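Dear colleague,

Please find below the structure that I am handing over to you.

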Amino acid sequence: MSSGIIAVMIGVSTFLGALGLWALLWGLKTGQFDDQEKFLDGAKYDGEEELIDAVKMEEKKKNILKNRKDKEQKKYAPPD
Amino acid sequence: MANIACDHCHLEFDEKVMIKDENSDEIKYFCCKGCQGIYHLLRSEGLDSFYEKVGSIKLEPPKELDSDLHKFDLEGFKNKYITQKDGFNEVNLIIEGIHCSACVWLNEKILHQTQGVVEATINYTNNKAKIIWDEDSVKLSEIINKIRSIGYNAYPYDPKLQEERANKTRRDYYSRLLVAVFTTMNIMWIAIAQYTGYFTGIEKDMKNVLNISEFILATPTLFYTGWVYFKGSYFALKNKFVNMDVLVATGASLAYIYSIYAMITNTGEVYFDSVTMIITFVFVGKYLEVLSKKRAIDTMDNMMGSLPTELTVVENGEKDIVGIEEIKTGDVVEVKPGDKIVVDGIIVNAEGNFDLSSLTGESEPVFKKSGDEIFSGSVCLDSVIRYKIEKDFKHSMLSTIITLLEESISKKPAIEKLADKISGYFSFVVLTLSILTFIGWYIGGTGFEKALIISISVIVIACPCALGLATPMAALIGINSASKKGILFKEAEFLETMAKSDTMVLDKTGTITEGKPKVVNAKFLKDFDINLLYSLVKSSKHPISKAIVRYIKDKSDDLNEYFLKNVKNLEARGLKAEYENIKLFGGNLELIKELNIPFCGDFKNTVFIFVINDEVVAYFELKDSAKEGAKKAISQIKKMGMDVIMLTGDNEQASKEIAKEVGIKKVYHSLFPKGKAQMIDTLHKQGKKVVMAGDGLNDALALSRSDIAISMGSGADVSVEVSDVVILNDDIKGLAQALKISKKSYATIKENFAISVLYNSITIPLAISGHVMPFIAALSMSVSSLIVVGNSFRIKRLK
């Protein structure tokens, strides 16, 4: 085998490995590994219901923000 | 009748004491109203799948909580714990009572269903929760009430104090570790090809490819992961001393520089694999240290969170609620029964019993009257009192203890010094030798290149590996065999320090004794209805009353609690009550004297006398007894050449009696936490190396001052965290065993040192004289390491 091929093979495999490492470090930086149990619990309990729950929470937040905006707009409405 | 399990908490009780609930489709049994309430609440909220998730895990039945909900909406609380984010409120809470992942699920679920809560995440590992909510839709007190309604409790903590910083460090170190492990694994298989090539011959091109790939992998390890060592060396050299960091940094970077030189000039072997391995192995130890600090901080947050944030200040007869930060000396503060004292002061009116157990560790309440000083950390037990503030919050006893603990988490001088001293001398000698070698050969006229190679082979042959392994390998095996016996050494170096110690300081309550008073003698002088006594003692939470309740429960099965009238705590004397025109009294000799009842006796122990209608009908003697095997363990410790001393917050007579029983001659009694810590300092001044064993929060300060701190597993959380060694099963025999293992491990460490010194003293002269190629140097290093590892395994044979 020529040394060129070896160089390519080592290069590619190290690059792929480094990609995986980068993904892991990114997950770590964004706090995804702060609670090791979360992953396992997710596998155990998360189903359709939990997904719906998450969507509902998002909606709740949006609604609150919307209501606030409406209120503010009403407050500053020019007198007619 | 058979025991059956409660359908909520799964604790088992006799069927006849259970609440039978026929409201649901099938008959359910509950141990208390609380469990029943939660069961129905979960069903009505559609959360009964909780019971499938929790399986048969036993939960804690809900506690009755004081109605202190209003404090969560107070201004002082808001300023301290609540932050604003995108127009929403955010609070960090610690949830009490989480046992399993199903509990986390339930809490998150109930919070998600609460109106106004937009985010709620709970960390199972440390039970900390982050909640974000809209203030206009819901109040924090309502959210807390939701958590309480399902049988858990929540209190706040301030993450800015320590946690944010600790989290950042932990993540940073973990990233560095990951990079190091990744590169080491990859370099190792390239190195195999290189070593094979060394023996069987390898093409120049191929060797270059391998060299360059190793170089690419070793570079991030040295400069990213190894950065902590460069930083450590910089500070060490700036303060004019040489430490392990300097050794690791110079060893690794010289090997790195030499390898680059060898790679470019094609003159020899590269040592990039040694570079990564040195860095990675030593870094694992550093990472573990960071992890243990993080856990300690979780506990500190727990302690601070349970403190009230506001106090009731009385001024000109009017009551006002003031934040603790704003309390000034001279203010008069009112506390109610059950309240925790947060600021030190002097009582101005009334009198009452105080639970000082978190300060002194002793279970007996202390009676305080007007003019007496009270310390923060104590709990008012039975009366409403007013006291004048003497010190502000920051200078009060409890915050002083917390601050000192915070400091002790970030420094451990005695232990670090020992490891640094040895490796410091070693690295200094090696560095000097290699410089001298270089100068010698250069002046001798061999030329710059050869002189450099020889001087580097001196460093490589003496690379920290053998010396570095000598301690951790023996320690690792020592720690492992200790943990199998229920003894937890938190760090490797503690074995070494413990083996070198010569004084063992023991706390009395909880360490030598059981920590709970027990009835040792009971005398029934007349026949009477035992339920009268049972009902009377049941009405009090005093440890003595509790001991008598336990005693009666042990002796008879069929007990009924009567409804007593006019139950009153007689401060520092006992109890009184009435039942259908029968007058009941229970208490100590002072109470009997006060009632003018003729009764006398010579009691060595605490006594509780029971009186019905002015007639003594029974008395009980109580004593806190020594743990089983205490005497034997202490004599074993003495045999190993240790000086044993007992420190206690208890009174003279009680402590001397226990000391005599277990064979301790030196006793210091009636000590406050600071007094205990001062004792440790005094011993240090006499040149002693002190091991201290304790269990209460009151010992935490002294534990943090001692060279080695041992805590009993069931003790206060903080003392477990500041300690270096934890005896998980609470067994005092573990103390002797821990000492034995540490001595054996230390002996092995010394043997390992001898082996590596022997190797070095043979190989270093050879290297200096230019007879060793860097490759042979690396090989000899590996052989010495293997022998060190083999020797360390002998610790396992210790019984």
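This is a predicted model: local features need pLDDT of at least 70, side-chain atom pairs count only at pLDDT 80 or more; totals for chains, interfaces and linings use all residues.

Residues are numbered from 1 along each chain as its sequence is written, while chains are lettered from A and ligands numbered from 1 in the order in which they are written.

**Overall make-up**

Chain B contains 27 helices and 31 strands; these are DSSP runs numbered from the N terminus, with helices being H or I of at least four residues and strands being E of at least two. Of the 799 residues in chain B, 44% are buried. A residue is called buried if 20 or more other C-beta atoms lie within 10 Å of its own, exposed if 12 or fewer do, and partly exposed in between, with C-beta atoms placed from the backbone. Two residues are in contact if their C-beta atoms, placed in that way, lie within 7 Å. Among contacts in chain B between residues at least 6 apart in sequence, 66% join residues at least 24 apart.

Two strands pair if DSSP finds at least two bridges between them.

Which residues of helix H22 (residues 652-662) of chain B are buried? They are B:Ala654, B:Ser655, B:Ile658, B:Ala659 and B:Val662. Seen down the axis of H22(B), these residues fall within an arc of 130°, so they line one face of the helix; the arc is that of the directions from the helix axis to the C-beta atoms. They pack against helix H17 (508-512), helix H21 (630-639), strand S27 (643-647) and S28 of chain B. The other side of H22(B) has B:Glu652, B:Gln653 and B:Lys660 exposed. Just after H22(B) comes B:Gly663, with a positive phi of about 85°.

Helix H23 (residues 673-685) of chain B has 13 residues and reaches 19 Å from its first C-alpha to its last, close to the 18 Å expected at 1.5 Å a residue; the expected span is 1.5 Å times one less than the number of residues. Its buried residues are B:Pro673, B:Lys676, B:Ala677, B:Met679, B:Ile680 and B:Leu683. These cover an arc of only 150° around the axis, which puts them on the same side of H23(B). B:Asp681, B:Thr682 and B:Lys685 are exposed on the face turned away from the buried side.

**Hairpin and loop**

S23(B) and S24(B) form a hairpin with two residues between them, and B:Glu580 in the turn has a positive phi of about 45°. Six bridges join these antiparallel strands, and B:Ala577 stands opposite B:Leu584 in S24(B).

Most residues other than glycine have a negative phi. B:Asn613, in the loop between strand S25 (606-612) and strand S26 (615-623) of chain B, has a positive phi near 45°. In the loop between S25 and S26 there is also B:Asp614, with a positive phi of about 60°.

**Contact with chain A**

The contact takes 24 residues from chain B and 24 residues from chain A. On the side of chain B that touches chain A, H6(B) gives the most, with seven residues.

Yours sincerely
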